[in-house]
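Here's a quick briefing to read with the model open in your viewer.

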Protein chains: 4
Amino acid sequence: MAADAVRGTMMERIGIEWLDIGLERVVARIPVEGNTQVYGQLHGGATAALCESVGSIGTAVATGLEKIVVGIQLSVNHLRAVTDGYITATGVPLRVGRTVAVWDFRVHDDEARLIASGTLTVAIRER
Amino acid sequence: MAADAVRGTMMERIGIEWLDIGLERVVARIPVEGNTQVYGQLHGGATAALCESVGSIGTAVATGLEKIVVGIQLSVNHLRAVTDGYITATGVPLRVGRTVAVWDFRVHDDEARLIASGTLTVAIRER
Amino acid sequence: MAADAVRGTMMERIGIEWLDIGLERVVARIPVEGNTQVYGQLHGGATAALCESVGSIGTAVATGLEKIVVGIQLSVNHLRAVTDGYITATGVPLRVGRTVAVWDFRVHDDEARLIASGTLTVAIRER
Amino acid sequence: MAADAVRGTMMERIGIEWLDIGLERVVARIPVEGNTQVYGQLHGGATAALCESVGSIGTAVATGLEKIVVGIQLSVNHLRAVTDGYITATGVPLRVGRTVAVWDFRVHDDEARLIASGTLTVAIRER
């Protein structure tokens, strides 16, 4: 992803690194540091923002630039606390239709433990 | 909220301002600027992080310092795009039990238009 | 709702009674009896089916017969056990757009206690 | 599952057949017929009730009879319409903790097409 496209965005703010962007899966990670709550553990909102980013970019890649993609519903289950290292979200499209896409997320820590799961529903509109 | 408690956290990062922290409701806002996606509109993950923060702090206030509160499930519906100003989340507890609390959120823009709704399920544990 | 339209449907099966069907809200109820789990308490799936019915019918009324409405995402929080009487869901549209509608539900027991909340995202398509 | 335990329940009503009940997965199916909406397609509430049943029974099996299990949050994404045959839900526990379990569901039709996904959060309490 071009650095200037993400400048000043939420994605820059949470420190997203894109590891794989493809039609069959999108993988990205963020550091726990700086994305914590007051206890020093990972803030659930950071996990949510990571998943929303992965599903949005994934749908945009699948549909092409002539469409606008808009996340309309996000559900996240937080399964395990994380205190350091990175969390990595792997997004897989469950469905990419003409007007709606649905993405499934599994989020792991650096020891490959499942720390969250999620689903994003995305609306696909004409530009 | 003491400034040093939020230093280096996700809440500082998205620029949360606390407008009301009480047992019956918690209200907080964030600026759209800096919390955008690549189109320049508000990033849904910022809305999610705002809601998660409001419900977590609200439950912590209700249960007291001897408990640990952990968001376990977040659902957000994004209803309307926002491009500038602030978004303000009002959280109301639907239930605060001994081990589980559930918060409902309504998020508005500066023209009082509803731009998102959400629900956070929080686990309450002994320290 | 005409009796023959619901014959042999899920809505007949759970015993839905329609109390109010309007553009601003839709209200319906089901008996707890027959909609229980093995403990004798209300089955959460009955609450879910009630909410999905209310939001689908509400969107169909709002959009008219020339459209097809399809529930695409349902989130329900179960807040309180119920063992007898009826549960009544009140659905309010948070947004009815051209291609997507979002409904909010509050479900109460006969003593007006809040027993569940929920949200349904509905896709609106051309027939 | 003993026939008399499910008599008069929601699970009997939607016609659940249990195909596999184990610690690592629980599989059950329902017929589309009788679980439809007014268009003659599968009612999303039936999918929701099937998932809620699978996750509840799965947690009860994992925790044993001395605990009470209560579904507290259900999220379902409906991905594809179904008009006949059966739908089969496969539930897998993402986490079974001391007080909370989380189940992931994939629901397929008779042609093995993914027609829905879902997640159930279950509270585990002392009897």
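Two strands count as paired if DSSP finds at least two bridges between them. With that in hand, β1(C) and β2(C) make a hairpin with four residues between them. Keep in mind that this is a predicted model.

**The hairpin in chain C**
- Strand β1 (residues 17-21) and strand β2 (residues 26-31) of chain C pair in the antiparallel sense, over four bridges.
- Strand β1 of chain C lies largely in the open, because the number of buried residues among its five is zero; buried here takes 20 or more other C-beta atoms within 10 Å of the residue's own.

**Where chains A and B meet**
- On the contact count, 28 residues of chain A touch 28 residues of chain B.
- The side of chain A that touches chain B gets at least two residues from each of α1 (3-6), α2 (10-13), α3 (44-63) and β3 (67-78).
- By type, that side of chain A splits into ten nonpolar, 16 polar and two charged residues.
- β3(A) runs antiparallel to strand β3 (residues 67-78) of chain B, and five bridges join them.
- Within that pairing, A:L74 has B:V76 as its bridge partner in β3(B).

**How the two copies are related**

- Twelve strands form an open, antiparallel sheet in the order β1(A)-β2(A)-β4(A)-β5(A)-β6(A)-β3(A)-β3(B)-β6(B)-β5(B)-β4(B)-β2(B)-β1(B).
- Its edge strands are β1 (17-21) of chain A and β1 (17-21) of chain B, each pairing on one side only.
- Direction ignored, neighbouring strands of the sheet are turned by 20 degrees against each other on average.
- Strands β5 (residues 100-108) and β6 (residues 114-126) of chain A run antiparallel, joined by nine bridges.
- Across that pair, the bridge partner of A:F105 in β6(A) is A:G118.
- Helix α3(A) packs on the sheet, where the strands it touches include β3 of chain B, and its direction makes about 145 degrees with that of β3(A).
- Helix α3 (residues 44-63) of chain B packs on the sheet too, with β3 of chain A among the strands it touches, and its direction makes about 145 degrees with that of β3(B).

Technical notes. Residues are numbered from 1 along each chain as its sequence is written. Chains are lettered from A and ligands numbered from 1 in the order in which they are written. This is a predicted model: local features need pLDDT of at least 70, side-chain atom pairs count only at pLDDT 80 or more; totals for chains, interfaces and linings use all residues. A residue is buried if 20 or more other C-beta atoms lie within 10 Å of its own, exposed if 12 or fewer, and partly exposed in between; C-beta atoms are placed from the backbone. Two residues are in contact if their C-beta atoms, placed from the backbone, lie within 7 Å. Ala, Val, Leu, Ile, Met, Phe, Trp, Tyr, Cys and Pro count as nonpolar, Asp, Glu, Lys and Arg as charged, and the others, Gly among them, as polar. Axes are lines fitted to C-alpha atoms, for helices over the stretch in contact, and angles run from 0 to 180 degrees between N-to-C directions.
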